[in-house]
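Hi,

Here's the structure I promised to pass on.

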Amino acid sequence: MYRYDSYDTAMVAARVDEFRDQVARRLSGQMTEDQFKPLRLMNGLYLQLHAYMLRVAIPYGTLDSRQMRMLGHIARRYDRGYGHFTTRQNIQFNWIRLEDAPEILAELATVEMHAIQTSGNCIRNISSDQYAGAAADEVTDPRPWAELLRQWSSFHPEFSYLPRKFKIAVIASDTDRAAMRLHDIGIQIVRGADGSLGARIYAGGGMGRTPMIAHLIKDFVPADQLISYVEACLRVYNRHGRRDNIYKARIKILLHEIGADEYRRQVEEEFAHVLTLGIDPPAAELARISGFFAGPALSPCEDGPGDDGDKTPADPAFAAWVARNVVAHKVPGHAIVNISLKPVGGIPGDASADQIDLIADLAERYSHDELRITHAQNIVLPHVARADLKAVWDALSAAGLAEANLDLITDIIACPGLDYCSLANARSIPVAQKIAQRFADPARQRDLGELKLKISGCINACGHHHAGHIGILGVDRKGTENYQLLLGGSGAEDVSLGRITGPGFDEDGVVDAIERVTDRYLTLRAAGERFVDTYRRVGMEPFKEAIYG
């Protein structure tokens, strides 16, 4: 994984010193909250309903055991003993005291972490495929490209005050595990006709108040021109993006208003100019960065459960976990292990300090000291020998982390909602807990099959409800929490936006509605169909009939 160089170290240290002075001035009264707000947001510090919240960046979702242990330390010393992993592959601490924030940033810096560009109208933390470097279906590891973009975008003077926040995802597989086309810019690393590496560029995606799917802007940008092309995309947006209306400020609105063809034309024109500036790094720089992401030296082997039918685990619970949460690795005899942070009755995405420490220990011992955070608020051990799966499972089981529910109905994405967030209209966490409890039976979950359920407590869509096979949006109805139900969304390579079924429900009513939807699905599905496949085949009406009668 990437290691800080002298420039990174100096940059982060300078920011910590600067913020320490800003906090001191705020605490002494030399600065008002209005004056302080833009400064704290530059350092990932939000003021929520009950306390300050600090969002820590985990670039492209990758970290090692020492960094993970630091997160556990911060949770234990400065928070209330836990952290919340987010849909942007970051972590949030919800109970931070302002006077502690500079020291937290200083401690993060000792393990090459920071909170820079996790908020504000800038290029946010760049996300990627959580299986990068381990998946057999990728054309290359996309993380070196994501790191190149991180270095280009950090404190970019032209893009520090964009019309609105800006999100980029990078993948290198036809299987989209990062919701790439629901980003402001989505990048898929591909091979050209001559076998050379380059990028396919999408722009104008996003969720929130006006969800849109990104348009294909360029089929192929050569590797040595990627930075120039992305710079051109940002320049056109920065030039024309609306700054007079926060609700119309995202790049998706620009593409909607001028059209993808006109945006593409302007980008190509700007691209021709940017190329003359020579901002693309030499090939040697990408090669240097790629060296940091060289995978562990794994030898193919056949030992361990799940390789073939003769090695099915004898323990039914272990077998269910292997079948559901363990994914094939590109090297035979190894596996990608998904750790669910969605225990029935728990808070989606939360992990205690002790659990964080345990996962760090498992990564160090069994996964070549590497972890990944997923956009679905789970954690991945990317390089585990199949012979070690039982030991990993035993440790996870003892810590309450062995839920075998990856991509099932209880693997719920949920934002913090009105329990924490000052922007929320409704609570997300209690709804997620009630749904998980209603569908707690593992056999019932497996019978329903892949069913991605996502909950947002407001229209900002931090819970990605538009992209859920089943989505829930919390709204305010005359002072009462109300929940709209959406069907048919997907953030994967079959990307689609969910549609609202009709009138909303109270907290218990939306849980009942989901049960009626899933019961109807079981009567309608054809062999091999997922929920979303059946929905696309039969349409909304059979489900509306089941919900509303």
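A quick definition before the rest: "buried" here means under 20% relative accessible area, "exposed" means over 50%, and "partly exposed" is in between (1.4 Å probe, protein chains only). Bear in mind that this is a predicted model, where local features need pLDDT of at least 70 and side-chain atom pairs count only at pLDDT 80 or more, while totals for chains, interfaces and linings use all residues. Residues are numbered from 1 along each chain as its sequence is written, and side-chain values use heavy atoms, with hydrogens and water left out. Helices (H or I, at least four residues) and strands (E, at least two) are DSSP runs, numbered from the N terminus.

Let's start with Gln445, which sits in helix H14 (residues 442-448). Gln445 counts as buried because its relative accessibility is 3%. A polar atom of the Gln445 side chain lies 3.1 Å from the backbone oxygen of Phe439. Leaving out residues up to four places away in sequence, Gln445 touches Asn405, Leu408, Ile409, Thr410, Phe439 and Ala440 (contact means heavy atoms within 4.5 Å).

Gly502 is another one to look at, in the loop between strand E20 (499-500) and helix H15 (507-524). With 24% relative accessibility, Gly502 counts as partly exposed. Gly502 and Leu486 are 16 residues apart in sequence, and their C-alpha atoms are 8.5 Å apart in space.

Now the strands, which pair if DSSP finds at least two bridges between them. Strand E2 (residues 52-56) is mostly covered, with five of its five residues buried. What joins E2 to strand E1 (residues 45-47)? Three bridges do, and the two strands run antiparallel; Leu47 has Tyr52 as its bridge partner. E1 and E2 form a hairpin with four residues between them. E2 also pairs with strand E5 (residues 91-96), again in the antiparallel sense, over four bridges, and Arg55 stands opposite Gln92 there.

Elsewhere, five strands make an open sheet with antiparallel pairing, in the order E3-E14-E15-E12-E11. Strands E3 (62-63) and E11 (326-328) are at the edges with a single partner strand each, so one side of each has no neighbour in the sheet. E11 pairs with strand E12 (residues 334-339) over three antiparallel bridges, and Ala328 has Ala335 as its bridge partner in E12.

Finally, the helix packing. Axes are lines fitted to C-alpha atoms, for helices over the stretch in contact, and angles run from 0 to 180 degrees between N-to-C directions. Under 35 degrees counts as roughly parallel, over 145 as roughly antiparallel, 65 to 115 as roughly perpendicular and the rest as oblique.

- H3 (residues 65-78) and H11 (residues 353-366) pack at about 170°, with axes 8 Å apart, and are therefore roughly antiparallel. Among the residues making the contact are Met68 and Leu71 of H3 and Ile356 and Ile359 of H11.
- H10 (residues 316-325) and H12 (residues 389-398) pack at about 105°, with axes 11 Å apart, which makes H10 roughly perpendicular to H12. Ala317, Phe318 and Trp321 of H10 meet Leu389, Lys390, Val392, Trp393 and Leu396 of H12.

Cheers

How values were computed. A polar contact is a pair of N or O atoms within 3.5 Å; within protein, one must be able to donate a hydrogen and the other to accept it, and residues adjacent in sequence count only if both atoms are side-chain atoms.
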